[in-house]
Amino acid sequence: MRQSGETAGSAIQEDDQTADTGEQPVNTNKRNFQKELDALIQNIPEGTVPSLFLHSCCAPCSSYVLEYLSNYFRITDYYYNPNIQPQEEYRRRTQELSRLIRQQPHRYPVTFVEGPYEPEKFFEAVRGLEDIPEGGERCFACYELRMRESARLAGEGGFDYFTTTLSISPLKNAAKINEIGERLSEQYGVKHLPSDFKKKNGYKRSVELSAEYGLYRQDYCGCVFSRRERDERNKNT
Ligand code: SF4
């Protein structure tokens with residue numbers, strides 16, 4: 001799966017979750033998560049700045065989300081991505097995100113926190129799902145692994161909200177991400193911030209910001225399986 005932080009062949013298409021991968025269109029159950037977020041932000045009492053524990057997948061995806069949400073929230077940006085292989089790639093993505101946060105201006109402070117790199121947890125979470133095509137159950141398990149750890153820490157830390165940058169990608173399933181977020185919200189006692197960050201030109205803005213900050217844009221989603229598919233694509237072009 002090629003996500004918004006990627007270069008080769010990335011589709012700059014708003015709201016097109018099938019892009020050029022042949023994935024099936026996503027059923028969003030008619031909910032407009034961006035509108036829900038707009039309403040939530042509008043209802044923040046004047047003079048208050050809620051705290052947000054934000055799971056970040058990479059610098060390009062986070063660029064727009066941080067620019068946008070730091071106008072309303074005090075953000076702890078949590079980089080927890082045990083799916084990424086190999087370790088050098090993991091390090092490179094971590095460093096890019098950390099650099100972006102240092103260089104980007106924010107209205108309210110953004111604090112970067114790197115979680116542990118524990119690839120064994122990813123392989124455990126997707127066991128038996130390895131051969132499922134990208135965009136399917138393996139990816140849902142991967143979203144959940146990363147979001148669960150974020151929700152757990154947000155709950156323990158007494159944050160007002162938690163969410164993830166993942167929905168900015170035209171290739172990620174926003175309905176599924178929000179469904180998982182709402183389930184974890186109940187489990188860990190922390191409110192989930194609804195999201196579909198690709199809306200309102202969010203994806204387009206992330207591409208602009210990536211160019212502005214010279215961010216590294218990977219050409220595969222992150223795991224060994226997506227890397228293999230990237231290699232196959234390159235062989236056939
Ligand atoms: S890293 Fe792999 S399993 Fe996770 S969302 Fe990307 S393609 Fe799916």
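Me: Let's start with classes: Ala, Val, Leu, Ile, Met, Phe, Trp, Tyr, Cys and Pro count as nonpolar, Asp, Glu, Lys and Arg as charged, and the others, Gly among them, as polar. In this predicted model, how do the residues of the shell around the ligand divide?

Reply: The ligand is surrounded by 11 residues. Cys139, Cys142, Cys221, Gly222 and Cys223 are the closest. Cys counts as nonpolar and Gly as polar. Over the whole shell, the division is 6 nonpolar, 3 polar and 2 charged.

Me: What share of the contacts with a separation of 6 or more is between residues 24 or more positions apart?

Reply: The chain has 237 residues, and 43% of them are buried. Among contacts with a separation of 6 or more, the share from residues 24 or more positions apart is 75%.

Me: Are α2 and α7 roughly parallel or roughly perpendicular?

Reply: Helix α2 (residues 59–69) packs against α7 with the axes 8 Å apart and an angle of about 110 degrees. Angles of 65 to 115 degrees fall in one class, so α2 and α7 are roughly perpendicular.

Me: Which residues of α7 make the contact with α2?

Reply: The crossing of α2 past α7 is right-handed. On the α2 side, the contact is made by Pro60, Cys61, Ser63, Tyr64 and Glu67. By class, this contact has 4 nonpolar, 4 polar and 2 charged residues. The α7 side consists of Gly202, Arg205, Ser206, Leu209 and Ser210.

Me: And are α2 and α3 roughly parallel or roughly perpendicular?

Reply: Their axes come within 9 Å and cross at roughly 25 degrees. Since angles under 35 degrees form a class of their own, α2 and α3 are roughly parallel.

Me: Which residues of α3 meet α2?

Reply: This crossing is right-handed. From α2, the residues taking part are Ala59, Ser62 and Ser63. Their partners in α3 are Arg93, Glu96, Leu97 and Leu100.

Me: Now for the backbone: which peptide bond is cis, with omega near -10 degrees?

Reply: Most peptide bonds are trans. Proline 86 sits in the loop between β2 (74–79) and α3 (87–103). The cis bond is the one from glutamine 85 to proline 86.

Me: Is lysine 200, with a phi near 55 degrees, partly exposed or buried?

Reply: Most residues other than glycine have a negative phi. Lysine 200 has a positive one, and belongs to the loop between β5 (191–192) and α7 (202–212). A residue needs 20 or more C-beta neighbours within 10 Å to be buried. Lysine 200 has 15 and is therefore partly exposed.

Me: Is asparagine 201 buried or exposed?

Reply: Asparagine 201 also lies in the loop between β5 and α7, with a positive phi of about 65 degrees. Asparagine 201 has 12, so it is exposed.

Conventions:
Residues are numbered from 1 along each chain as its sequence is written. This is a predicted model: local features need pLDDT of at least 70, side-chain atom pairs count only at pLDDT 80 or more; totals for chains, interfaces and linings use all residues. Helices (H or I, at least four residues) and strands (E, at least two) are DSSP runs, numbered from the N terminus. Two residues are in contact if their C-beta atoms, placed from the backbone, lie within 7 Å. A residue is near a molecule or strand if its C-beta atom, placed from the backbone, lies within 6 Å of it. Axes are lines fitted to C-alpha atoms, for helices over the stretch in contact, and angles run from 0 to 180 degrees between N-to-C directions. Angles under 35 degrees count as roughly parallel, over 145 as roughly antiparallel, 65 to 115 as roughly perpendicular and the rest as oblique. A crossing is left-handed if the near helix is turned anticlockwise from the far one by less than a right angle, and right-handed if clockwise.
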